[in-house]
Structures are given as C-alpha cells and as structure tokens.
Amino acid sequence: MQKLTIGNWKMNPGSLVEVKKLVQSLDKVKVGKNVSVAICPPFVYLPLLKTKFTLGAQDAFGEEKGAYTGEISPSMLKNLGVEYVILGHSERRIHIGETDELIAKKIKGAMVAGLKVILCVGEPLAMRKKGMAASKKYVEGQLKKDLSLLKPKDRSKVIVAYEPIWAISTMPGAKPDSPEGAAEMIVSIKKITKGKVIYGGSVNGANARGFLERKEIDGALPGGASLKPEEFRKIIEAAS
Ligand code: PEP
C-alpha cells in the first residue's frame, strides 16, 4: 500500500527568500511511485508552491464563506488546488484553544468541500504516564467527538494522524514514540475509524524506517524534519 508523507511546515519559514531556497532544495528530492508526498506550508505560501508539490493546508474554517474575519474556507483552499487539510493539530488545540466541537465542524466543512482531512489526535504526557489503556481511552474520546458530525460510512475517509503531544519535537523533553507503541495505538484507532492512520512526533531521517516499515502505520507526518531537505529526503526514502 502507498505510504503517505505529509510535511507540516507549521509557521515557517519566516520569509519568501527562505521559502524559495527551501523549494529549490526540495525540488531535488526524488519521490518513488509507491509514496504520496504533500507539503503543508502556511496559507500565504500555498500559491507559490502550487505548481511544485501536492499541497495541504494547516487548518480551514468550517463555513464556506461569510462574516468570519481572518478565516479561510475549505472551498477557497480546494479552488486553489489544495488536496489535504490538517485539522485538530495539538498546537491549535493548545495555543488557539480549539475544541473538539469546533474541530468536528471543520472536519464536516472540509469533507463537503472535497478536501482530504488529516485529523490529529494524541494524548498528553500525563495520560501516557497513566499507561496505554488510559491513553487509548483518551484518544478514543477525541475521535468520537471530532468525528461526531460525520455519517459512520464517511469516517473511514478521514486520515487520522496519531501524534502523542509529548512526542512533538518542540515540546520540552520530547522523544518519539516507539514504533511498537505507535503501532499499538494505531491499531486501536483503526478499530474505530476503519481508515488510514499515520504517525507524527519527532519523525526524522534516522528513525522514519522503524515506523514506516510497520504494516499498521500508513505514513508519517514530520514537522521540524520537513523543513530540512536532507531529513525529508530520508523520510521519503523510508516511505518508499
Ligand atoms: C507536527 O508538527 O505535527 C510534528 C509531528 O512535529 P515534529 O515532527 O517536529 O515533532
């Protein structure tokens, strides 16, 4: 099965000059036939990257248009040629205060517009310290709420990214989950969604193969490493 590699640039790079440099280096990265690669840059860089990469956005609002100052609608993204949208990223839940209720509306809106949703879920460190059973219950709770507005048959169309919060590279003391731990959680998620599940959390060129060679794991969502062309190349190679 084709593995996914979704690069989340987050709020980087800071200037157009840096973006152009990054695009030039990434252009040289060869992508095998059995891997799907997408880049999720900040909104303002999407038009610039349009002819170069399969694109994803890092968020989208739940409504199609109207009096929602500062928001971007899923149909605007679709019309721009964007294929994927990341929703419910832990950084948006933590820093912007996004709730499961809002995320559920965003998922519905994105699906109606024809975007492929990548829904991020994952437990905080305190939960993982309580053990795997408690963590699975936490993630199951997120999924039930986030997917609550979809018909059961549409749930499998959502790509879930299992991203334990404690494993995100910018968190203090972050370290990646083990491939075994990630696979165990992913099996539990798949029982609920019956769709694809990828892993994110400090994936880099050195550890990507360990995750991607597991049949349970359908791909990777690297953040920091997707801004480093050599690291990103190695992750794509591992996915191939
Ligand atoms: C992310 O942004 O979704 C992510 C997993 O980041 P990082 O790879 O840097 O941990």
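Start at the ligand and select G224, where a backbone N or O atom lies 2.8 Å from an oxygen atom of the ligand, a polar contact being a pair of N or O atoms within 3.5 Å. The protein covers 99% of the 290 Å² of accessible area that the ligand has on its own, with areas taken from the Shrake-Rupley method and a 1.4 Å probe. This is a predicted model, in which local features need pLDDT of at least 70 and side-chain atom pairs count only at pLDDT 80 or more, while totals for chains, interfaces and linings use all residues. Residues are numbered from 1 along each chain as its sequence is written, and side-chain values use heavy atoms, with hydrogens and water left out.

Next, select S169, which has a polar side-chain atom 2.5 Å from an oxygen atom of the ligand, and then N8, where a polar side-chain atom lies 3.0 Å from an oxygen atom of the ligand. Widening the selection to the 14 residues around the ligand (a heavy atom within 4 Å), one finds that K10, E163, S169, S202 and G223 come nearest.

Move on to P13, in the loop between β1 (3–8) and α1 (16–27), and display the bond between N12 and P13, which is a cis peptide bond with omega of about -15°. Then go to K194, in the loop between α8 (179–193) and β7 (197–199); K194 is not a glycine, yet has a positive phi of about 60°. Most residues other than glycine have a negative phi, and most peptide bonds are trans.

Finally, select helices α5 (residues 100–113) and α7 (residues 132–146), which pack at an angle of about 50° with their axes 8 Å apart; helices here are DSSP runs of H or I with at least four residues, and strands are runs of E with at least two.

Notes: Axes fitted to C-alpha atoms, helices over the stretch in contact; angles between N-to-C directions. Polar contact = N/O pair within 3.5 Å; in protein donor to acceptor, adjacent residues only side chain to side chain.
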